[in-house]
Structures are given as structure tokens and as C-alpha cells.
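The entries follow in the order I made them.

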Amino acid sequence: MAHQTFYRKYRSQTFDEVVGQTHIIQTLRNAITYDRLSHAYIFSGPRGTGKTSTARILAKVLNCKNREDLKPCLTCEICSNIAKGVAVDIIEIDAASNTGVDHIRELNDKVRFMPVECEYKFYIIDEAHMLSTGAFNALLKTMEEPPGNTIFILATTEPHKIPVTIHSRCQHLNFRKLTTSELSSQLRMIAESEKIEIEEKSLTTIARNASGCMRDAISLLDQIYSFKGESITYDDVLTILGATNIAQLYDLVALFFENNSRETMQKVSAICEEGGNVVQLIKDLTAVFKQVLYFKMNLTDYIEADETGLAQIKTLADKVEMGRLKNYIEGFANMEMELRWFSNPELLIQSKFLLFMADDQKIGRAHV
């Protein structure tokens, strides 16, 4: 039997299983309970945060004949068909490959037909911002006066590209990025279910590398599991992700803040020689700078670190002034864009470190 990927196997099936989007779920629960459902929604937010999954769950809740307390049974024919993507009344459209006006005109011709097996007919348009201007214009009238048993859901990562005329006819729900702790918790649940032995700091590292995206986090765990099996070490995770050990990262930042150019270069070279991914290293450094900034602003509640990590961040914060820190954050954030056009990433990050330290030495001499 073919391996089923983790992100498909552990895709949310009920409102209770959706992670980190409490405000969205409560809004939809109240809309159903108090009969305030909108005929059209825009689900916007970063990729992999649950937009399409939530749309499918809403379709199950409204159409399941055996639901209890807004929880679909997941076993009836309708629930099974929706989960498999074969329900005739739940139409999912990939706007990235169906951008033209002809596809929307075809939708308009069929939208007037009554549902075949469900109470509500759903049109879930993924990547809705990819529709052409003509397609949006063709959709406008239908969204303005849809049949009473039809619900439109426009899922998008770029809501600003959807015309204001469409926006005004929809209820807009904004999905947020997930925190590292939320991602780690879900990964822990999957690891326990799959009987995978993995350390907590390994799960945290995977979560940190997912940039707030649940799908990416689960896919990374699946990738590492495929390589190492049921016993995964911290070093395995660092090797596969090309990530940097957090202790090495703090050491590098400390050397940088101390203006120790020789040892900073040696540390960067060592990280790269060990297989560290420069793009990921820049992201990790920027994340550390952000944590130091939070500490200096007395915003420790926003720092996701244990007591040991918090103590290390305090040590780093004592080594750097706010003005320098601001320059570092801006400089390393811009470096992510510069990497697209730079053929030697290691040289770029080394030169950036040296230029910053040279500027800091000039400023230091000027104050003397």
C-alpha cells in the first residue's frame, strides 16, 4: 500500500482539530448556530494555515445528516465523499489553472441547479486572486444574487488582488500564521501517533523552519521520517534541514556583537562546511535579532524560548545597542532578497558581516 503523506493523513476533519484559528472557527460556529451564514466568504492568509481545510469542514458541518453539536460524523456517505474530494455538490476550483472567463460562465450556468445529495452546494475557489478581470466580472452578478442553497468560498494568499466589488459581497475571514509552539504541539501529536522517537528540541527546530505554515511543518516531519524512520535525533534534523544548532547560532551572534571579525568568519565558514544552508542561516540570524529586540523592549512574552534560551538572549542583548540592532535587522532582511541574484551565498553573508563590523568600528572610533 502506498504511503499516505502526513499532511493528508492528519488534515483537520472537524472544527475542533483546526489549530491556531480560534477566531475563525468561533465566527463560523456562531454563524451556523444563530443562522447568520453569509452566502460568500473570503478566506485569506498565508499558505498552509487551514483555509481549504476549514472550507471543507464547513461543508461537512452544514451537510452531514448525523452531526452533533456542529461536529460532523465523518462516517456517512456525504462526509466521506467530501473528505475524498468526490462530493458532486462540493465543487473545488483551482483558479491558478482556471483563470479564464469561460470557466466562470460555465460555473454561472450550473449554479442555479439544486444540490444533488447535499443541503448546501459549495463552490470553493482556491487561489482566487489568480482569476482574470473578466472572470471576476462574470462572477460578480452570481455572487450578488446567489441561490439560497449555495455558498461561495474564495481562498487566497493575496486578498488585495481581489477586486473591491467582490470584497463588498463577501465576509472576509483572515487566517494567521501559526506560532512555533502551536506547530510543535501538532508535530508532537503526529509523532506520538506514528510512534516516532524524537526530542522536543527537534520538533521545535522543525516548527521554526516551517515559518508559521502547518502544511510545511508536517511535510518536513514526513521528509525526515522517510529518511530516518522511527528514531530521529536532533543532529538528523539539523542535517536534513541544513539548519544551525541553536548553541552555534547564539555563539555566532555573540562574536558578531563583540565585533570579533576573525572568529565570526571562522564560525560562518564552519557552519557552511558542516552543510548549513545559508538561506536558512540568514533567517535564523534574523529571528535571533528579533528576539534580542523583544528583550530590549521588555516584550519577553513574545519570545519563544525556555529559561536557558532566555538567559542567552539577555546576554546577547547586553552586548548590542538599539541603533546597531536596528541596522542588523534591516540589513539581514534585505539580504534574503539579495540572495536571489547572488551566485555565492557564503561570500555574501561573510561580506555583510565584515561590512557591518567595519561600520561599527568607525562609529566606535568617532565616539572616542
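This is a predicted model: local features need pLDDT of at least 70, side-chain atom pairs count only at pLDDT 80 or more; totals for chains, interfaces and linings use all residues.

Entry 1, strand β4. I looked up β4 and found that 7 of its 7 residues are buried, so β4 is largely enclosed by the rest of the structure. Buried here means under 20% relative accessible area, exposed means over 50%, and partly exposed is what falls in between, with a 1.4 Å probe and protein chains only. Strands (E, at least two residues) and helices (H or I, at least four) are DSSP runs numbered from the N terminus.

Residues are numbered from 1 along each chain as its sequence is written, and side-chain values use heavy atoms, with hydrogens and water left out.

In which order do the 5 strands of the open sheet come? I read the order as β2-β3-β4-β1-β5, with parallel pairing. The edge strands are β2 (90-94) and β5 (171-174), each of which pairs on one side only. Direction ignored, neighbouring strands of this sheet are turned by 15° against each other on average. Two strands count as paired if DSSP finds at least two bridges between them. In general, strands of a sheet pair through backbone hydrogen bonds, either parallel or antiparallel.

I found 5 bridges between β2 and β3 (residues 121-126), in the parallel sense. Ile93 has Ile125 of β3 as its bridge partner. β3 also pairs with β4, parallel and over 6 bridges, and there Ile125 has Leu154 as its partner. On the β1 side, β4 is joined to β1 by 5 bridges, and the two run parallel. Ser44 stands opposite Thr156 of β4.

I looked up Val237, which lies in α11 (residues 234-241). Is Val237 buried or exposed? Val237 is buried, at a relative accessible area of 0%. Leaving out residues up to four places away in sequence, I listed its contacts (heavy atoms within 4.5 Å): Val237 touches Ser202, Thr205, Ile206, Ile224 and Ile232. From Val237 to Glu158 I read 32 Å in space, C-alpha to C-alpha, and 79 residues in sequence. Tyr234, Asp236, Leu238 and Leu241 are among the other buried residues of α11. The cover over the buried residues of α11 includes α9 (200-209), α10 (214-228), β7 (231-232) and α12 (246-257). Just after α11, Gly242 has a positive phi of about 70°.

The axes of α12 and α13 (residues 261-273) come within 9 Å and cross at roughly 155°. Axes are lines fitted to C-alpha atoms, for helices over the stretch in contact, and angles run from 0 to 180 degrees between N-to-C directions. The two helices are therefore roughly antiparallel to each other; that label is for angles over 145 degrees, while under 35 is roughly parallel, 65 to 115 roughly perpendicular and the rest oblique. Gln248, Asp251, Leu252, Leu255 and Phe256 of α12 meet Glu263, Thr264, Lys267, Val268 and Ile271 of α13.

How many salt bridges does a search of the whole structure find? The search finds 15, each being a side-chain nitrogen of Lys or Arg within 4 Å of a carboxyl oxygen of Asp or Glu. One of them joins Asp16 and Arg29, with the closest N and O atoms 2.6 Å apart. Asp16 is in the loop between α1 (6-9) and α2 (22-33) and Arg29 is in α2, so the pair ties together parts 13 residues apart in sequence. Asp16 is exposed, at 57%. I also noted Lys228 with Asp236, the closest N and O atoms being 3.7 Å apart. Lys228 is partly exposed at 35% relative accessibility, whereas Asp236 is buried at 14%.
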